[in-house]
Amino acid sequence: MLWNTLNGLPPRIIAHRGASGYRPEHTLDAYALAIAQGTDALEPDLVASRDGILYARHDVGLARSTDIAWRSEFAPRARVIDGMLDWWISDFDAYEIDTLRATQPIVERGTQFDRQFAVPRFTQLLKLVQCANAQREKPLVIDAEIKSPALFASLGIDVLAALAADLEAHGMTGAQAPVWLESFDHAFLRRAFERCGNACFALFQRAPGASALRESAQWVCGIAPAKHLLWNGVEDSGLVCAAHAYGLEVHAWTFREDRSPAPFASVREEMDAAFALGVDALFCDFPDAALAARASYPVSEPRSANRLAEVARTA
């Protein structure tokens, strides 16, 4: 029996910032671990150095996820942002960023791997995936989120030009390329689509209405909403069905084994609820756990969203 996804195939598991539940996020080691676990896709966030080199980092600031605060030579370039010291990546050239080492931003996950791994350039991730795909039947996908493109543009850094150059250099442009693009900045995302031709997914923090879905369907392959938008409490919000009606996939974020899945009783029930709705891809910090949940989901006996609501209420 088919899944409830748009194409009837099993939902993809996207390793959110790599296997970030086990290693410092956005490191080649985190990505490699996710590949070894069998993930379908890797999700890097992309920001740019002062000289226009793309790096896999979530934040414009480097303090949260690197050892820059321990690097005395960079102390003069600290900024005070919201009362805290930080260092913007756009204040540094690539050769300087290459000297930094990644740290675990979520202390509860353990700091035993801190300062062991470099901050990777986007080109290094592209090469990693090219090597992995040479040994796979089903291509591994990079689902790249471009962060704060307007901010970088205001600083004179052309993120789109850097993105296009990296993709073109690796032969990864076009609709069939194993690189998807996503952003909260939908105007930027459309320019990236027009220039590179890669499949695009529009990120949403608030539920898009019918008009937004209709407009998006003209050029994106799908939407990527925050997972809480899938439900009203534990009842189906109708978003997945509405998006599918416009031919749009739904990629929901983020499922984490070490975070509360409320109002669901467990992360497994939360993922099962997403599977039941027909979500087409799940962003996960622990891809191995999500893959195990998908493998054991009873597709031959699909459960309705209302049945899952009953389970959550009575658990």
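Trainee: Which residues in α5 meet which residues in α6?

Mentor: Val-159, Leu-160, Ala-161, Ala-164 and Leu-167 in α5 meet Phe-188, Arg-191, Ala-192, Arg-195 and Cys-196 in α6; contact means heavy atoms within 4.5 Å. Helices here are DSSP runs (H or I, at least four residues), strands are E runs of at least two, and both are numbered from the N terminus. Keep in mind that this is a predicted model, in which local features need pLDDT of at least 70, side-chain atom pairs count only at pLDDT 80 or more, and totals for chains, interfaces and linings use all residues. Residues are numbered from 1 along each chain as its sequence is written, and side-chain values use heavy atoms, leaving out hydrogens and water.

Trainee: Why is Glu-96 called buried?

Mentor: Buried means under 20% relative accessible area, exposed over 50%, and partly exposed in between (1.4 Å probe, protein chains only). Glu-96 has 8% relative accessibility, so it counts as buried. Glu-96 sits in helix α2 (residues 94-97).

Trainee: What makes the pairing of Glu-96 with Arg-77 a polar contact?

Mentor: A polar contact is a pair of N or O atoms within 3.5 Å; within protein, one must be able to donate a hydrogen and the other to accept it, and residues adjacent in sequence count only if both atoms are side-chain atoms. The side chains of Glu-96 and Arg-77 are joined at 2.6 Å, so the distance falls within 3.5 Å.

Trainee: What makes a set of residues a nonpolar core?

Mentor: The members are buried Ala, Val, Leu, Ile, Met, Phe, Trp, Tyr and Cys residues joined through side-chain atoms within 4.5 Å. The largest nonpolar core has 86 residues, and Leu-163 and Leu-282 are among those with the most contacts inside it. Helix α9 (residues 267-277) gives the most to this core, with seven residues.
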